[in-house]
Amino acid sequence: MTHAAAAITCARSRIAVVLLPLLSWAAPAFAQSDTPCSLPGSEDSAVEALCDLHDGLARFKLDGRWGALDRNGEVAIPPRFAELGHFDDGLAPARSGERWGYVDRQGRWVIAPAFEQAEAFSHGRASAKREGGHWGQIDRQGQWTIAADYGFIGPYNGHTAIALRQDGRSVMVNGQGMVVQRFPADTSVRYRPNDAGLYPMQRRREELLVNVDGRQFPMPKDTASRELRDALMIVRPPRDGERAPGPLRGAVDVQSRLQVPARFEILKDFRHGLAVARTPDGPGLGLVDTHGAFKLPERYQQLDDEPRGWYVGHTKDATDLIDRRGRVRQSIDCPNLDKVRVQGPADGPWAVLAGCGQSWVLRAGLRRPIRAAVAAPTVQADEDHLILSTRDTDSRSGADDIAMQVFDASGRLVFQSDGHRLEPAEGGVLDRIVLVARTQDTPRKGPRALPVALLSGDGRVGVLTSDYTLVTDPLWRADSTWGTYRPTLRGEVPEGPLPVQTEAGFGAIDADGQWIVAPRFRRLERFHHGLAEAIDEHRIPWIVDAQGHAVEPPPHFRHATAVAEGVMLGNDGQGALYRFTVSDAKLEHVNLPEGVRVRADAFHGGLASAKSGERYGLIDPHGRWRLPPRYDAPFQPRQNKAHQHIGWTSTVTYRDQDSRHRLHGWVDADGRQIVPPRYEELTYRAVDDTLRVNGPRAGVLSLQGQVLLPPRYEQVRALGDGWFAAWRPDWEGLVDAQGQVVAAPRDVDLSSAADIVPRVRYVQGQPQLIDLRGRVSTPQVPLQADEAAPGTWWPMRAHAGQDDVYTVFRDLGFKVRAVVPGKVDKWHRYSEGVIAFKPRLPTARAQVGLADSEGRVLGRYPFDLIASMHEGRAAFQQSSRDDDGELRFHFGYLDRQGRIAIPARFSGARPFNEGRAVVIARHNLGLADREGKVLAQGAWRCGREPVLIGENDRIVWPSNAPASCDTPPPHPQAQTR
């Protein structure tokens, strides 16, 4: 054995040491990344990096330095550079020390290292950065052809280059450095063109103020508030010469014109022409108008904007109640007058303040505050009434306190207790009161009207009638349903008559306390649509109407639900649906369509979501389809703030390969389709009665389907008065090498220079194709396709999830070009006329296949996967487990006919480039030819020194490597590698 062979044998034993760490890596060493020098699994290679062949040379990194191999695996440039870029036009950027220059194919300096940074040559020019300066371009002699005046400059295309000015603006310059095109300030242009020679340009994301009438303005800069009130927004303009928001606040209009000078340390949102403000030297808070003039001096320690139309100002000794014109309407000698929580709608018109043994009532529209007589009240309110009652009858603060007071909408006191107690003539004390929730749909007169309030205490109950008279009866008892009439509880629109319990049983009274339903039932539920369910003492069910008539329903009548005036639906024991008309005690079987079953309590507003087969529709109480069953999910009912049923959201689904997506629409309360299912998201917003939609972009619709804001924004947010904050997404376009716009900026992704073509996106469930020129093809308006471009065909899987799955490839014009008998990932495209696929019902011997451009199967293989074809070779991966159960990966290459061109003998592989491929052979990076012969690879001489070896394990670098191993102490790296 020669000394050289002994040295390489040591290198081989060194390889054996690193076997287990490599096998512990479970992911495949299969590389198609955009970084042409990396390969997973090469962490222990003696060669640290080996790049794809480019311009006839493959760069490599050995022992921390960079060099280059030629296509035969010989060292063309010894590894002596700190960094080395790829070759173009026979030159490559290289770094020695801290400076960059350019070397030729032998590694000789052609342009001395004098630059801070350098890029590769292109068409005889290279971008370089002057030391301590900016970017320009040089020629092959190192002379500046474009002065170094730019923040960056992209590669020269033979005519022009894209440059970034120092102010951040993109321009296009010619070979002499003259600007031939200036792009808008909000637009940036990519430095490198796509495969069609066009430069992607991007119009940056922008926040806008948009009105439903179509007006649109840029969002004011330096905003200090996210609200628009009185058509003004609060801003913090920067100081002169600065960019950051300044310390002082002012206000601008929707066109960003300054209306209130920025002279306030505090400036809150305007409301009805006034805003809380304080100057830097002001003694306190005051009120300013929309011109910035103080309407109320800065004298308050605290000044609260009460949304009900008032301001509440606190000084050291008093509290002032201030109207919307800035006038003090009441000054109270109490600095701690605090707001009391109101039980009722959150946006109701009432507010109550209490403190220092007194309470005050505020309401929107009242000219003056109202002094109340309940000192520490519990408060209930709705639109029509306000009720104050004492929190604890045993802890009143004074002899003048009143147990309860009731005010109407005009602020008039309509009822109050006499002194500390509310004692009816029949005796007892009524110390609890419940305000009855009434909406605009609740009847105000007749048997279905409700009283204003319900009172109870000491085992007695009473009602406050519509004319504010207290009516009690010693025989009445409170019903458990009374609590459901509170304004704070959500539910159906309340209506009368009111269930009341007596010793004789349950009955119901009208708003004046008169019996409508005589007390004879063991149980009586709330009325809805003029009907209620009841059970008598013999446990026989009844249906009672609002006139007091009672009718016995048919046996087994379950889930009874009133769906219209005098009409109830119910199910029998087998689930069949019946309609019961109370007026004539008529029971009818509802003939539902075949196979349809629906519960009576599923009806909302006279309609119910029902399923027929696998589809859903809306059905009415007569069993007729209001909307035919053509939807893919149950309809979801929606209610407004007043608990009224206003409509339904509908849903359909579509497939994008293996993924299932949903689209939503809107159906009104009568079952009419207002908005077809076309949006990925559709949400009803009760706060402003609108529909927020998204898919692919956000917009706003009315409940009648009117487009208030077109769905073309990234995000929208309501500001009030018809204004929205809307974020326009990044829009992309394309320009050619002369700077002419080929595709105007719009909401289409054109940013990739060499990605999947065409791009496929789904808009409202329909596919759209975008080519490299930015053109959009749709099934309705298809583009003309290139007959000889299989690489532009795109896949659509059919029968996904089934045994007969297949993939259809269509061209840019949606014409079918090939059908592959199996699954193809949606991101994959034909490469050099072939495509890898997953066969139907795969087996251990047929896990992956290869098909040609006519869909013919070239072969099925026991491989894990097959990569794209490059230069007539497609890498494949095959896995197995060793005796210890560890997973091993092996890589080889197929040819275009599907034959194995290189057996699976590598442990990592990259695509071929210029007839060579980077592989991992014997756990070291190497360079292989088209027959799989490794021309050069890394190795460890004597287990510790990184070297390059060629054929017959000959050491080709370093050329002066010792021919033998003298067994010196092992290198520290040998312990870990």
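**Strands, links and loops**

Modeller: Let us start with strand pairing: β78 and strand β79 (residues 848-852) run antiparallel to each other and are paired over four bridges. Strands are DSSP runs of E with at least two residues, helices are runs of H or I with at least four, and both are numbered from the N terminus; two strands count as paired if DSSP finds at least two bridges between them. This is a predicted model, in which local features need pLDDT of at least 70 and side-chain atom pairs count only at pLDDT 80 or more, while totals for chains, interfaces and linings use all residues. Residues are numbered from 1 along each chain as its sequence is written, and side-chain values use heavy atoms, with hydrogens and water left out.

Colleague: Which residue of β79 is the bridge partner of Ala 836?

Modeller: The partner of Ala 836 is Leu 850. β78 also pairs with strand β77 (residues 822-823), again in the antiparallel sense, here over two bridges, and in that pairing Gly 822 stands opposite Pro 839 of β78.

Colleague: How many of the six residues of β78 are buried?

Modeller: Five of the six residues of β78 (834-839) are buried, and the strand is mostly covered. Buried means a relative accessible area under 20%, exposed means over 50%, and partly exposed lies in between, using a 1.4 Å probe and protein chains only.

Colleague: In what order do the strands of an open sheet lie, for instance the one with four strands?

Modeller: Its order is β1-β2-β3-β4, with antiparallel pairing. The edge strands β1 and β4 (75-81) each pair on one side only. Neighbouring strands of this sheet are turned by 20 degrees against each other on average, direction ignored; the axes are lines fitted to C-alpha atoms (for helices, over the stretch in contact), and angles between N-to-C directions run from 0 to 180 degrees. Within the sheet, β3 and β4 are joined by three bridges, and Trp 66 has Phe 81 in β4 as its bridge partner.

Colleague: How many disulfides does a search of the whole structure find?

Modeller: A disulfide is a covalent bond between the sulfur atoms of two cysteines, and in practice one looks for a pair of such atoms within 2.5 Å. The search finds two disulfides. One joins Cys 37 and Cys 51, with their sulfur atoms 1.9 Å apart, and this link is right-handed, with 100 degrees about the S-S bond. Cys 37 lies in the loop between α2 (19-23) and β1 (47-50), and Cys 51 in the loop between β1 and β2 (57-62), so the pair ties together parts that are 14 residues apart in sequence. Cys 37 is buried at 16% relative accessible area, and Cys 51 is buried at 1%.

Colleague: Which residue does the disulfide of Cys 334 reach?

Modeller: Cys 334 is joined to Cys 356, with 2.0 Å from S to S. The torsion about this S-S bond is about 75 degrees, so the disulfide is right-handed. Cys 334 sits in the loop between β30 (328-332) and β31 (338-340), while Cys 356 sits in the loop between β33 (350-355) and β34 (358-363), so this pair ties together parts that are 22 residues apart in sequence. Cys 334 is buried at 0% relative accessibility, whereas Cys 356 is partly exposed at 48%.

Colleague: What surrounds Gln 358?

Modeller: Gln 358 lies in strand β34 and is buried, with a relative accessible area of 12%. Leaving aside neighbours within four places in sequence, Gln 358 is in contact (heavy atoms within 4.5 Å) with residues including Cys 334, Leu 353 and Arg 371.

Colleague: Where should I look for cis peptide bonds?

Modeller: One joins Gly 496 and Pro 497, with omega about 0 degrees, and Pro 497 is in the loop between β43 (470-472) and β44 (498-502). Another joins Gly 695 and Pro 696, also with omega about 0 degrees, and Pro 696 is in the loop between β64 (690-694) and β65 (698-702).

Colleague: Is Phe 814, with its positive phi, buried or exposed?

Modeller: Phe 814 has phi near 70 degrees, a positive value in a residue other than glycine, and lies in the loop between β75 (806-810) and β76 (816-820); this residue is buried at 16% relative accessible area. Asp 63 also has a positive phi, near 55 degrees, and is found in the loop between β2 and β3 (65-70), but Asp 63 is exposed at 59% relative accessibility.
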